[in-house]
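Let's walk through this structure together, one region at a time. Keep the model open beside the text as you read.

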Amino acid sequence: MLFQDRALIDGPARITREGHLVASARVAKANNIQDYRADEIGEAPKADGSPYRIFRPEAAVFARDAIASATHRPITITHPKEDVNATNWKALSVGDTGGEVLRDGDFLRIPVMVMDAKGVNAARTTHQEFSLGYSAEIDMTPGRFGDAEYDGAMHSIRVNHLALVPAARGGAELRIVDERPSHLREHLETAPMKIRIGDAEVDATNGEAVSIAVQALNKKLGDSETALGTVTAKLADASTAIEGKDGEIAALKTQLADAQVTPAKLADMVKARAVLIDAALAMGVEITDADSDADIKKKAVAKKMGDAAVSLSDAAIDGAFAAFASSAGGEKKPDVLRDALAAQPITMSDAATSYAESRNKQKQALADAWRQPFAGEA
């Protein structure tokens, strides 16, 4: 059977001074199982229509003859319809593989050089993948590798050529897989290729469908950006409002601290209240405990100005009271109790006088006791 495997360039490709493309490709992965349709391997279709699973063991991939067959192989643009040989080599080949084919993990590593300008241009533009063309025999004996079952296994691998291809079997994300057979390429080129744009899955070959899906996605993105802008604006407003409230709270805390009555403030308030009351009393105002400072000032001003004081503002009342208090000269209403106590002479009663005299005599007797003679002395 003939097979065409994808090869992966896993290192940097470079263009030589002469314009040739030089690279290194990993090919022919060992110990892997690939799916093949019945017609690809010359078998009858399965009853359930499922593909055949073919195992490629490392004993076959790294066999001496298999490795030797990969050296100095021609490089072609796409897979030719027949094997490359001496009669068609000149027409088909654009380069060749090198002689140092090495094992790299589960892969064969092959040096590659594309010599022809047409081949170099294809490798850099439209044909950016390599696909290995080789023959192999299949033993259709079922088996198991690891946790996977297979229907048959390859052996006797012989490499014929390495082709530059647009795309290998399974897509570019696969490292080593077979390229799709040439008789399927036309079908693949016309078959729909589904891609997802936003929430929609569309045919990538249908420009109108793609355009509609992109417009829908752009509208959705635009709506999301608008909604995000609205939320951002609301957050900014909320942040401003919070900052305003923080300022109010700071001011209220300051006011509360200023309003707290400390012993010193209380003493000042008592002193100021006493001065206010003394000044009002000096103007002949009758004061009660229920009168506030403002009430006292209004009474005092009304006492002096009569009805003219009714229309005065609080500030005018304060000014008028200050003027009247100053002109009063600080005179205070006489304190009858204090004056009476000051005028009353302090005298002691007879009993108090007698007690005081007796007490003084006792103190003197105690002081002179040492002067008396003891009993029995002359």
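Where does Ile-110 lie? Ile-110 is part of strand β9, residues 107-114.

## About the model

This is a predicted model, in which local features need pLDDT of at least 70 and side-chain atom pairs count only at pLDDT 80 or more, while totals for chains, interfaces and linings use all residues. Residues are numbered from 1 along each chain as its sequence is written, and side-chain values use heavy atoms, with hydrogens and water left out.

Helices (DSSP runs of H or I, at least four residues) and strands (runs of E, at least two) are numbered from the N terminus.

With a relative accessibility of 1%, Ile-110 counts as buried. Here buried means under 20% relative accessible area, exposed means over 50%, and partly exposed is in between, using a 1.4 Å probe and protein chains only.

Which residues does Ile-110 touch, leaving aside its neighbours within four places in sequence? Its contacts are Ala-23, Ser-24, Ala-25, Val-27, Ala-70, Thr-97 and Val-101, where contact means heavy atoms within 4.5 Å. Ala-23 is 87 residues from Ile-110 along the chain, and the C-alpha atoms of the two are separated by 8.8 Å.

## Helix α8

Helix α8 covers residues 263-282. At 1.5 Å a residue, its 20 residues should span 28 Å, and its end C-alpha atoms are 29 Å apart, which agrees. The expected span is 1.5 Å times one less than the number of residues.

Leu-276, Ala-279 and Ala-280 are buried in α8. Seen down the helix axis, the buried residues of α8 fall within an arc of 100°, so they line one face; the arc is that of the directions from the helix axis to the C-beta atoms. These buried residues pack against α9 and α10. On the face turned away from the buried side, α8 carries the exposed residues Pro-263, Val-270 and Lys-271. Just after the helix, Gly-284 takes a positive phi of about 85°.

Together with Val-261, Leu-266 and Met-269, Val-270 forms a nonpolar patch on the surface, with about 380 Å² of accessible area in total. Patches are made of residues with over 30% relative accessible area and no salt bridge; like charges are joined within 9 Å, and nonpolar side chains (Val, Leu, Ile, Met, Phe, Trp, Tyr) within 5 Å. The areas come from the Shrake-Rupley method with a 1.4 Å probe, and for residues only the protein chains shown count as cover.

## Helix α10

Helix α10 has 14 residues (314-327), which should span 20 Å at 1.5 Å a residue; its end C-alpha atoms are 20 Å apart, in agreement. Which residues of α10 are buried? They are Ile-317, Ala-320 and Phe-321. Viewed down the axis of α10, its buried residues fall within an arc of 100°, so they line one face of the helix.

The buried residues of α10 pack against α8 and α9 (293-305). Ala-315 and Ser-326 are exposed, on the face of α10 turned away from its buried side.

## Salt bridges

Side chains of opposite charge can pair when their charged atoms come close. A salt bridge here is a side-chain nitrogen of Lys or Arg within 4 Å of a carboxyl oxygen of Asp or Glu, and by this rule the count comes to 14.

Arg-53 pairs with Asp-35, the closest N and O atoms being 2.8 Å apart. This pair links distant parts of the chain, with Arg-53 in strand β5 (residues 52-56) and Asp-35 in strand β4 (residues 32-36), 18 residues apart. Arg-53 is partly exposed at 31% relative accessibility, and Asp-35 is partly exposed at 35%. In another salt bridge, Lys-299 meets Asp-291 at 2.7 Å, N to O. Lys-299 counts as partly exposed at 34%, whereas Asp-291 is buried at 10%.

## Two positive phi values in loops

His-72 is a residue other than glycine with a positive phi, near 50°. His-72 lies in the loop between α3 (64-69) and β6 (74-77) and is exposed, with a relative accessible area of 54%.

Thr-78, also not a glycine, has a positive phi near 65°. Thr-78 sits in the loop between β6 and α4 (89-92) and counts as partly exposed at 28% relative accessibility.
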